[in-house]
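Q: Could you take me through this model feature by feature, giving the general idea before the particular case?

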Amino acid sequence: MPVVMRLDHIAIAAENTAVMVEFYKKALGLAILLESPPRPSGQKAYFLGLPHAAGEGLSKGMMLEVYPKADFPRHARKSGEPGFDHIAFSAPDFDAAVAHIKANGIAILSIAEAFGGGRLVSVLDPEGNVLQIVERQ
């Protein structure tokens, strides 16, 4: 029997949490599920999730946490560098997801065949993290 049942959330330590939250709301249609009071830096931390999960509590569905980064510089990451590499979300309609990304002025890095079948589109968020939307076949 597995010890866990699903991925709860992925966290991004961000230079500017408000900018990142707006990007993920626009790019993926996520909603703010929980917002912290301002931290000493003036920035807030957020849990984002699917709009239909709002009001159901934080134990329902996958989430993205965006919180203020620590006060030290980030080095430029390259794909394949050790550690987490990208965030990938599945889409019920891949072509509609790509159209949504284009309509919102988000630059596409690539559209490629997904490992295991299907397609994926890759974009960068405002702080250079790779975001993918995947169609599985």
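Q: Which residues are linked in a network of salt bridges?

A: Two points on reading come before the answer: this is a predicted model, in which local features need pLDDT of at least 70 and side-chain atom pairs count only at pLDDT 80 or more, while totals for chains, interfaces and linings use all residues. Residues are numbered from 1 along each chain as its sequence is written, and side-chain values use heavy atoms, with hydrogens and water left out. Side chains of opposite charge can pair when their charged atoms come close. The rule used here calls a salt bridge a side-chain nitrogen of Lys or Arg within 4 Å of a carboxyl oxygen of Asp or Glu. In this structure Asp 95, Arg 119 and Glu 135 are the residues linked in such a network. The side chains of Arg 119 and Asp 95 meet in a salt bridge at 3.1 Å, N to O. That pair links distant parts of the chain, since Arg 119 lies in strand S7 (residues 119-124) and Asp 95 in helix H2, 24 residues apart; helices (H or I, at least four residues) and strands (E, at least two) are DSSP runs, numbered from the N terminus.

Q: Which residues of H2 are buried, and where on the helix do they lie?

A: Phe 94, Ala 97, Val 98 and Ile 101 are buried in H2. Seen down the axis of H2, the buried residues fall within an arc of 100°, so they line one face of the helix; the arc is that of the directions from the helix axis to the C-beta atoms. What covers these residues includes strand S6 (108-113), S7 and strand S8 (130-135). Ala 97 counts as buried because its relative accessible area is 13%. If residues up to four places away in sequence are not counted, Ala 97 touches Ala 91 and Ile 133, where contact means heavy atoms within 4.5 Å.

Q: What is found at the start of H2, and what follows the helix?

A: A polar contact is a pair of N or O atoms within 3.5 Å; within protein, one must be able to donate a hydrogen and the other to accept it, and residues adjacent in sequence count only if both atoms are side-chain atoms. At the start of H2, a side-chain oxygen of Asp 93 reaches to within 3.3 Å of the backbone nitrogen of Asp 95. Gly 105, whose phi is positive, near 70°, follows H2.

Q: Which strands pair with S4, and in what sense?

A: Two strands pair if DSSP finds at least two bridges between them. Strand S1 (residues 9-14) pairs with S4 in the parallel sense over six bridges, and His 9 stands opposite Met 63 in S4. Strand S3 (residues 46-49) runs antiparallel to S4 and is joined to it by four bridges, with Tyr 46 opposite Val 66. S4 itself (residues 63-68) is mostly covered, five of its six residues being buried.

Q: Which residues form the aromatic pair?

A: Rings of Phe, Tyr and Trp (its six-membered ring) pair if their centres lie within 6.5 Å; planes under 30 degrees apart count as stacked, over 60 as edge-to-face and the rest as tilted. The structure holds one aromatic pair. Phe 23 and Tyr 24 form this edge-to-face pair, at 5.1 Å centre to centre and 90° between the planes, and both residues are buried.

Note on methods
Buried means under 20% relative accessible area, exposed over 50%, partly exposed in between (1.4 Å probe, protein chains only).
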